[in-house]
Amino acid sequence: MDGLGGGAVFSGGCAFAGRERELRILLGAVSGARPAVVLVEGEAGIGKSRLVAEASAVLAAEGLRVLVGGCHPLREPLAYGPVIDALRRVGAWLPPVERLNASTGALAPLLPDLAAALPPPAPPDSPGAGGQRSRVVSGVRTLLEAIAPVALVVEDVHWADEATRELLLLLARDMPTDTALVLTYRAEDLPGGGPVLGAPFRRPPGTGGAEIRLGPLGETELRAMAREVLGDQPAPALVRTLMERSGGLPLVIEEDLVTLAAAPHRTDLTVLRVPRSLSEVLAERRTRLGPDASVLVDTAAVLAVPAGQSLLAKAAGLDDERGEEALLDALGVAVLRQVGRDSYGFGHALAQEAVYDGISGPVRNRIHRRVLEVLQAQDPPPLVQIAHHARRLGDTSLWMSKALAAADHAVTVGDDGVAADLYQQLFAEPTLPSPDRVHSARSLGRIALSRSDPVASASVLSRIVADQALPGPVRGEIRLALGRNLAGIRADRSTAELSRALDELEGRPVPVAITMATLGQGYRPDVPAAEDRALVERAERIVTGAGDALALVTVQAAKTILLKVLGDPRAHDLLRGLPHESPDRDIRLQCVRALHYVAWLDLLHGHGARAQVLRDETDRVGRRESYQLVEHSCAVLQLYLDLATGRWDGLEQRTEAVLRESPDGGALRQRVVLVRAMLDAAHGHWAGARALLAALDEEGAQSTAWQMGHEVVAQLAHLDLLEGDPKAAWERLAPSLAARRAKGVWVAANGLVPVAVQAALACGLREEAEHLTDEAARGIEGRDSPGAQAEVLLCLALLTTATDPEAALAHAVQAAARYEDTGRIHSTALATELVGTLQLARVRAAVAGHGTPDPRSSAEDGARNIQSALDVFTRLGATTDASRCHRLLRELGRKTLNPRGRAGYGDRLSPREEQIRDLLTTGATNKDIATALFLSTRTVEHHVAHVLAKLRTTRADLTQPPD
C-alpha cells in the first residue's frame with residue numbers, strides 16, 4: 001500500500017486533514033457518471049492510501065461495492081496478483097452461476113475459492129500467453145459488470161508486474177458499464193519513468209474520471225493531526241519542528257506524533273527518530289545510483305542545506321561534467337530534488353538525516369573536511385555553515401571563533417533567531433574564553449527582549465544569571481534583561497529580579513538608571529503612581545549627560561510609557577521626540593517598544609482611531625526590524641481593535657489563528673484568550689466565557705499586567721450581574737478596586753468602574769457607588785482618556801436614574817456621544833440603549849403625572865434609540881443585548897424583526913432557533929438560555945425540542961466537541 005517501504009499503511013489514527021478538496025474530486029469522479037478511471041499520484045507516505053480509504057468508506061455507505069488490491073515490491077510469481085486478490089472478495093455479490101457469462105470461467109483457475117460459483121473454464125481457442133491474457137481481461141470485465149455498481153482500487157501500481165499493468169490498461173480503455181477504476185502510484189518509481197499503465201492512456205469517450213496529485217500537508221493540517229493524537233492544542237514551536245522534520249509528509253508526521261504520544265513528556269523531541277520506513281525506501285532508491293551519484297548524495301547529506309550544482313560537484317570532488325551527470329542520476333530516482341533555480345537538496349529534513357546517519361564515520365569526516373575547504377574559499381564565507389562543519393569535526397576552537405563571528409553578524413543584519421541559537425550554544429561550551437562568555441551573555445540579554453516567546457527567553461536568561469562564573473555586574477545586566485522580560489509574564493517575579501539587579505549593579509550608574517526606569521513604568525500594582533514618577537525622573541537625571549545614547553533613549557522610552565499609563569497628554573510629544581530613525585538598531589528597538597506600548601494604551605484609554613494608526617506604524621517598523629515580540633503583539637492588538645470597533649465578522653476565527661501562534665505563558669496569549677471570552681459573553685455563551693475567564697483569574701493579577709487582571713475581573717463580575725448575583729460581583733471586584741485606589745490611576749477604560757457601580761447599586765450600596773464614581777471622576781481630571789470619561793458619565797447616569805431622571809438622561813446622552821467618539825461600537829450601543837430606556841421611563845413618569853410636557857416625543861425618541869442599539873447588537877451577534885432590546889420594543893407594541901422567525905421555515909432553523917442551537921452547543925442549560933434571551937424556561941423548552949427534532953440529534957450529541 002502507500003508506505004515508504006512497501007506495506008506500511010497510513011493507519012488513519014490521525015485526523016483526516018488537508019485532503020478535503022481531493023476527496024471531493026475523487027468522490028465526484030467515482031459517484032458521478034460511470035464508467036470512470038481515476039489516477040492518484042504522490043510520493044511515498046503522502047497519504048494516497050488514506051485518501052482512497054476515506055473515499056471507499058463513503059462510497060460503500062452509498063451502496064457502491066469497493067474492491068481493493070495492492071501491488072508489492074516483493075511479490076510472489078502470480079500474474080494479475082493485485083486484481084485477483086481484489087476479486088477474491090466478490091463471492092457474496094455473485095449472481096447465480098447460470099446468469100454469469102461464460103467468459104468469467106477464465107478466472108476459475110485463478111480464484112479457486114470461487115470456482116464453484118463461476119462457470120467452468122472454456123477450452124482455449126488460442127494457445128499461448130497472449131490468448132490467456134485476452135481471456136483473463138474479458139473475464140475480469142464481465143465479472144465486474146455482473147456485480148456492478150463497483151469500484152476496483154489497485155494501489156502502488158508502480159510495483160505492478162507487466163501482466164497486471166497490461167490488464168489495467170486494457171480495462172481502462174474499455175471500462176465495463178457502471179464501474180470505476182482507481183489507481184494509485186508514485187511517478188518517481190515507475191519503471192523507466194514511463195506512463196503509469198506502461199503505455200499512453202487517454203480516457204475514451206464516455207469514460208469519466210480525474211487525475212489527482214497529492215502534495216505535502218501544511219501547518220494547519222499538521223496541527224489538526226497533532227490535536228487528534230496528543231489530545232490538546234500543540235505549541236507553535238512543536239508544530240514548526242514537526243513540519244521541518246516531515247516536510248509535510250503525513251506518514252512521517254503520524255510516526256512522530258505516535259512516538260510523542262507514547263513518551264513520558266509529550267514535548268520531549270529527543271525521542272523522535274528517523275522512521276524506519278523512510279530509511280528503507282531511501283536505501284532501495286540508492287541501489288539504483290551510480291558511484292558518482294552516490295558520492296554526490298552523501299555530500300548533499302553532509303552539507304545539510306540545499307546547494308547549487310557547482311558547489312555540490314566541488315564538495316563531492318567531481319568535475320563539472322561528472323557532477324552534472326551524478327546530479328541528474330540522483331534527481332532521476334527522487335533521492336534529491338530541485339528546490340530552487342540552482343538549488344538541490346532533499347525533500348525533507350528526515351530524508352537528509354536518514355542518508356547522513358547511513359554514512360560511516362571516517363567517510364563522513366572526510367566529506368566534512370572537503371566541504372569545509374570549499375565553504376571557506378567562498379566570498380563571503382558562510383559563517384554559520386562553516387561553524388557547523390567545524391563542530392561536526394570536533395574542532396572546538398574553529399567552531400567557537402566562527403560561531404561567535406556568525407552570531408555577531410546575525411545581530412548586525414537583524415536575524416536574532418540565528419544569533420540567539422548560536423550564542424546559547426557558545427554559552428553552553430565550558431571551554432569558551434571568559435570575554436566571549438561575557439559577550440554571549442550580554443548579547444542574549446539584548447536579544448531576549450525582542451523574541452516572540454518571553455517564557456523561553458526567561459528560561460534562557462535564568463540559566464545565565466545562575467552561572468557563578470560570570471562577574472557580578474554582568475549577572476546584574478542579565479538580571480535586568482530577565483526582569484524586563486518577565487514584565488509580560490509575572491509582574492511579581494519581574495519586580496523581584498529588577499530589585500536584585502539594583503544590588504548587583506551598584507556602582508554602575510547607567511545600568512542602575514535603566515533598572516530604575518524599568519521599575520517605574522507604572523505596571524507595579526502595589527506602588528503608587530507618584531513613586532513611579534519619582535523613580536523615572538531620578539533615572540532620567542542620571543543618564544542625562546552620561547554620554548550613553550542607548551541608555552538615554554531607554555529611559556526616555558520608559559518615561560513615555562509611564563506618562564501614557566497616567567494619561568498625561570505630554571506622552572505623545574515625548575513619543576514623537578524619540579530618535580526613531582537612529583542608525584543604531586538597539587536605539588530604534590527602544591523607540592519601537594515605546595510606540596508599541598503607547599498604541600496599546602491609546603486603545604485602553606479610548607483613542608481607537610489613533611491606536612489603529614500607531615498599531616499599523618508599529619507593525620510596519622517591527623517587521624522591518626524583525627522585532628518578533630512586537631510583531632506578535634500587533635496581531636493581538638488588532639484583535640482588540642476589531643472587538644472595540646465592531647469588526648466581529650470572522651473575529652472568532654482570527655482569534656483562534658492568533659492563539660495558535662501564541663507561545664504558552666505570557667500576557668499576550670492571555671489577552672487573546674480574553675478576547676475570545678468577551679466574544680463568547682457577548683454572543684450569550686456565558687458558560688464558555690466564564691470558564692475562560694476563570695482560568696485567567698486563577699493565574700492571578702500578579703501574573704500579568706495589572707490592568708489586564710482588572711479587565712478579567714470586570715468581565716467575570718459582568719457575568720455575575722447577568723446571572724443575577726450582584727453580591728458575588730461586588731465581592732469579586734473589591735480587591736481590584738482597592739488596587740486601583742492604591743495605584744491612584746483611573747484612566748484605564750476597561751469596564752471596572754461601571755460594572756462596580758452597577759453591582760453596588762444592585763446590592764443597595766448607594767454611598768459606595770457614589771464614592772467610587774467621585775474617585776474616578778477626580779482621578780481623570782486633566783487626563784487624556786475619553787474612554788474613562790465616557791465610563792464616568794455612564795456611572796453618573798446610573799446613579800441619578802432614581803433621583804434625577806432628567807440629569808440621568810443628560811449624562812447618558814453625553815456618555816453615548818463620548819463612546820461614539822472613542823469608536824467603541826458595542827459600548828456606544830449599550831449607552832444608546834440606556835438613553836432609550838431613560839426616555840421611555842420619562843414617558844411612564846409623564847403618564848403618572850410627574851413628567852415632561854411632550855411624552856409622545858420621548859416615546860418616539862426612546863423607541864428609535866432602542867431600535868438603533870438593536871440594529872448594532874443584531875449585526876454584531878450580541879445575542880443577550882439584542883434579546884433585551886426586542887423585549888423592550890415588544891412592551892411598547894413596536895414591530896421588530898422577530899428572532900423566532902416566521903411560519904414556513906419547515907425543517908430549517910428559524911433565527912431564534914439558530915440562537916438556541918448556538919447556545920446549546922456551549923452546554924447551556926434551559927435556564928441559562930432563558931436568562932440570556934429574556935424568555936421563560938417553558939418557552940425555551942419548546943424551542944429546544946424543535947431544534948433537536950429539526951437537527952435529528954440529541955442534546956448530548958450537540959454539545960460534543962467537533963472532531
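Tutor: D602 has a relative accessible area of 0%, and is buried. Keep in mind that this is a predicted model.

Student: Why is D602 called buried?

Tutor: The term buried applies under 20% relative accessible area. D602 has 0%, so it is buried.

Student: What makes the contact of D602 and R610 a salt bridge?

Tutor: A salt bridge needs a side-chain nitrogen of Lys or Arg within 4 Å of a carboxyl oxygen of Asp or Glu. For the side chains of D602 and R610 the N to O distance is 2.9 Å, so the pair meets that definition.

Student: Is R610 buried or partly exposed?

Tutor: Partly exposed, because its relative accessibility is 31% and that class lies between the 20% and 50% limits.

Student: How do you know that D680 and R676 form a salt bridge?

Tutor: Their closest N and O atoms are 3.2 Å apart, and the cut-off is 4 Å. D680 and R676 are four residues apart in helix 30 (residues 667-682), which means they are separated by about one helical turn.

Student: Which labels do D680 and R676 get for accessibility?

Tutor: D680, at 7%, counts as buried. R676, at 21%, counts as partly exposed. The limit between these two labels is 20%.

Student: What separates R766 and E770 along their helix?

Tutor: About one helical turn, because they are four residues apart in helix 35 (residues 766-779). R766 is partly exposed at 29%, and E770 is partly exposed at 36%.

Student: How many salt bridges does the structure hold?

Tutor: It holds 49. Some residues are linked in a network of salt bridges: R615, D616, D619, R623 and E631.

Student: What makes the patch that includes D319 negative?

Tutor: The patch gathers D319, D320, E321, E324 and E325 on the surface. D319 lies in the loop between helix 11 (309-316) and helix 12 (320-332). Patch residues need over 30% relative accessible area, and D319 has 43%, so it is partly exposed.

Student: Why are C71 and C795 called buried?

Tutor: C71 has 2% relative accessibility and C795 has 0%.

Definitions and conventions: Residues numbered from 1 in each chain as written. Predicted model: local features only at pLDDT ≥ 70, side-chain atom pairs only at ≥ 80, totals over all residues. Heavy atoms only, no water. Patch = residues over 30% accessible without salt bridge, like charges linked within 9 Å, V, L, I, M, F, W, Y side chains within 5 Å. Areas by Shrake-Rupley, 256 points an atom, 1.4 Å probe, with all protein chains shown as cover. Lys, Arg positive; Asp, Glu negative; His and termini not counted. Charge placed at Lys NZ, Arg CZ, Asp CG, Glu CD. Helix = DSSP H or I, 4+ residues; strand = E, 2+ residues; numbered from the N terminus. Buried < 20%, exposed > 50% of the residue type's maximum accessible area, 1.4 Å probe, protein only.
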